[in-house]
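Hi there,

Here is the structure I promised to pass on. Have a look at it first, and then read on for what turned up.

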Amino acid sequence: MQHSLTIHPVDSSNWRDIIALQVADSQQKFIEKNEISILESVYDRKHDWKCYGLFDGGIAVGFVMIGAENKVERYIWLDRFMIDANLQGQGLGAAFLQLTIEFISEHFEVGEIVLSVTKDNPGAKAFYERHGFENTGLVDEEFDEEIFIYKLS
């Protein structure tokens, strides 16, 4: 099956499709709902979060939130990343993670992408490590999550 994968800002034309996306029940405790992330992007101006929909052939299939850019140290947070539960296991997560890395590289002047993963989420840790993220051994004290980085070339 041919995929046409694209990333678009969440806006008035697509936000309802984005908030309809849900992770699997077993993943609910690991990530905020998309509507919470969108609200955070509106009200948490300090981190300048940007919300994007992940689309396959124009159909919303996932969501990503990027922000808290540090222009001095040249890194940005990949704070949320999800694929709808009904579409997991088809390679979309891997494809969209690579597309998101390329998107960040093209749109932000950074050398590293940072993300954190809940300690009791071995599946997500393995997923990110398979795709080039390194576990730094550091822990985000506020949320007690392990910090991973991806070094852009």
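Leaving aside its neighbours within four places in sequence, which residues is F108 in contact with? They are Y52, I66, E69, I76 and F103, where contact means heavy atoms within 4.5 Å. We will come back to F108 below.

A word on what you are looking at: this is a predicted model, in which local features need pLDDT of at least 70 and side-chain atom pairs count only at pLDDT 80 or more, while totals for chains, interfaces and linings use all residues. Residues are numbered from 1 along each chain as its sequence is written, and side-chain values use heavy atoms, with hydrogens and water left out.

**The overall fold**

The chain has 4 helices and 7 strands, and from the N terminus on they run β-α-α-β-β-β-α-β-α-β-β. Helices (H or I, at least four residues) and strands (E, at least two) are DSSP runs, numbered from the N terminus. The C-alpha atoms fill a box of roughly 35 × 30 × 30 Å along the principal axes. With 153 residues, a compact globule would have a radius of gyration near 15 Å, and the chain agrees with its 15 Å; this radius is taken over C-alpha atoms, and the globule rule is 2.2 Å times the number of residues to the power 0.38.

Of the contacts between residues at least 6 apart in sequence, 58% join residues at least 24 apart. Buried residues make up 44% of the 153. Here buried means under 20% relative accessible area, exposed over 50%, and partly exposed in between (1.4 Å probe, protein chains only).

**The cores**

The largest nonpolar core has 28 residues, and I66, Y128 and F133 have the most contacts inside it. Such a core is a set of buried Ala, Val, Leu, Ile, Met, Phe, Trp, Tyr and Cys residues joined through side-chain atoms within 4.5 Å. Among the elements that give two or more residues to this core are β3 (59-70), α3 (92-107) and α4 (122-130). The largest share, 6 residues, comes from α3. Not counting residues up to four places away in sequence, Y128 touches F81, L97, L115, V117 and F133. There is also a second, separate core of 18 residues, including I18, L21, C51 and V114. In soluble globular proteins, nonpolar side chains tend to be buried together.

**Some residues to look up**

Back to F108: this residue lies in the loop between α3 and β5 and is buried, with a relative accessible area of 12%. The C-alpha atoms of F108 and A85 are 23 residues apart along the chain and separated by 29 Å.

E112 sits in strand β5 and is partly exposed, at 24% relative accessible area. Leaving aside neighbours within four places in sequence, E112 is in contact with R74, Y75, I76, I149, Y150, K151 and L152. Its C-alpha atom is separated by 9.8 Å from that of I101, 11 residues away along the chain.

Finally, consider backbone angles. A68 has a positive phi of about 55° although it is not a glycine; A68 is found in strand β3 and is buried, with a relative accessible area of 15%. D144, also not a glycine, has a positive phi of about 55°. D144 lies in the loop between β6 (134-140) and β7 and is partly exposed, with a relative accessible area of 41%.

Happy browsing!
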